[in-house]
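I opened my notebook today to look up a few things in a new structure. Here is what I wrote down, entry by entry.

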Amino acid sequence: HLGDVTARAVAAAGLTCVGLLATRYTMEQAFYRNRLAMHGIRTITPNRTDRDTVQRIIYDELCVGRVEPTSRDQLLAIARSLGGDGVVLGCTELELAVHQDHLDVPVFPTTTLHCEAALDLALHDGLSRFPRAHAAEQAE
């Protein structure tokens with residue numbers, strides 16, 4: 001589950017409270033926050049006005065491949081205003097605009113985290129699940 005992967009990364013960084021930037025649905029519904037809470041992580045979401053801004057930037061700009069500097073500045077200001085010990089980028093497109101070097105707190109890009117977890121599963125756990133493939137690989 002993406003929430004579990006994110007929670008493990010947040011916990012590995014020694015954090016217990018993060019801001020969440022994502023689509024309005026993800027920020028307003030409890031499913032993601034509850035999943036992080038299961039791991040002892042508190043989540044802070046933007047106020048309604050800021051959620052609307054994040055939603056607009058995601059759908060009107062990032063989804064069509066535009067990264068406007070003023071919009072990036074708005075996203076960063078919103079992220080900073082949350083006051084968490086880190087920021088979770090809970091939407092694929094946000095990684096186009098916000099990077100670790102933009103903020104002074106750890107940034108958790110969930111798409112990247114999920115891809116890394118899938119790769120780790122395929123490369124490590126997959127060997128025990130598919131012993132013939134592992135044996136063939138060893139023979140080469």
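**Entry 1: the largest pocket.** A reminder to myself: this is a predicted model. I started with where the lining comes from, and found that helix 1 (2–12) and helix 6 (110–129) each give at least two residues to the lining of the largest pocket. Helix 6 has the largest share, with six residues. The space in this pocket comes to about 180 Å³. I then listed the lining residues: V5, R8, A9, L113, E116, A117, A118, D120 and L121. Sorted by class, six of them are nonpolar, three are charged and none is polar.

**Entry 2: helix 1.** Which residues of helix 1 are buried? I noted G3, D4, V5, T6, A7, A9 and V10. Two names here were already in my first entry: V5 and A9 also line the largest pocket. Just after helix 1 I came to G14, which has a positive phi of about 80 degrees.

**Entry 3: aromatic rings.** How many aromatic pairs are there? I counted one aromatic pair. Its rings belong to Y25 and F31, with centres 5.4 Å apart. I wanted to know why this pair is called tilted. Stacked planes are under 30 degrees apart and edge-to-face planes over 60; the planes of Y25 and F31 are at 35 degrees, so the pair counts as tilted.

**Entry 4: the two partners.** Y25 has a relative accessible area of 54%, and the cut-off for exposed is over 50%, so Y25 is exposed. F31 is at 39%, which makes it partly exposed.

Technical notes: Residues are numbered from 1 along each chain as its sequence is written. This is a predicted model: local features need pLDDT of at least 70, side-chain atom pairs count only at pLDDT 80 or more; totals for chains, interfaces and linings use all residues. Side-chain values use heavy atoms; hydrogens and water are left out. On a 1 Å grid over the protein atoms alone, a cavity is a set of points where a 1.4 Å probe fits but cannot get out, and a pocket is an open set with protein on both sides within 12 Å along at least five of seven lines; lining residues have an atom within 4 Å of a point. Grid points are joined across faces, edges and corners, and a volume is the space filled by probe spheres set on the points. Helices (H or I, at least four residues) and strands (E, at least two) are DSSP runs, numbered from the N terminus. Ala, Val, Leu, Ile, Met, Phe, Trp, Tyr, Cys and Pro count as nonpolar, Asp, Glu, Lys and Arg as charged, and the others, Gly among them, as polar. Buried means under 20% relative accessible area, exposed over 50%, partly exposed in between (1.4 Å probe, protein chains only). Rings of Phe, Tyr and Trp (its six-membered ring) pair if their centres lie within 6.5 Å; planes under 30 degrees apart count as stacked, over 60 as edge-to-face and the rest as tilted.
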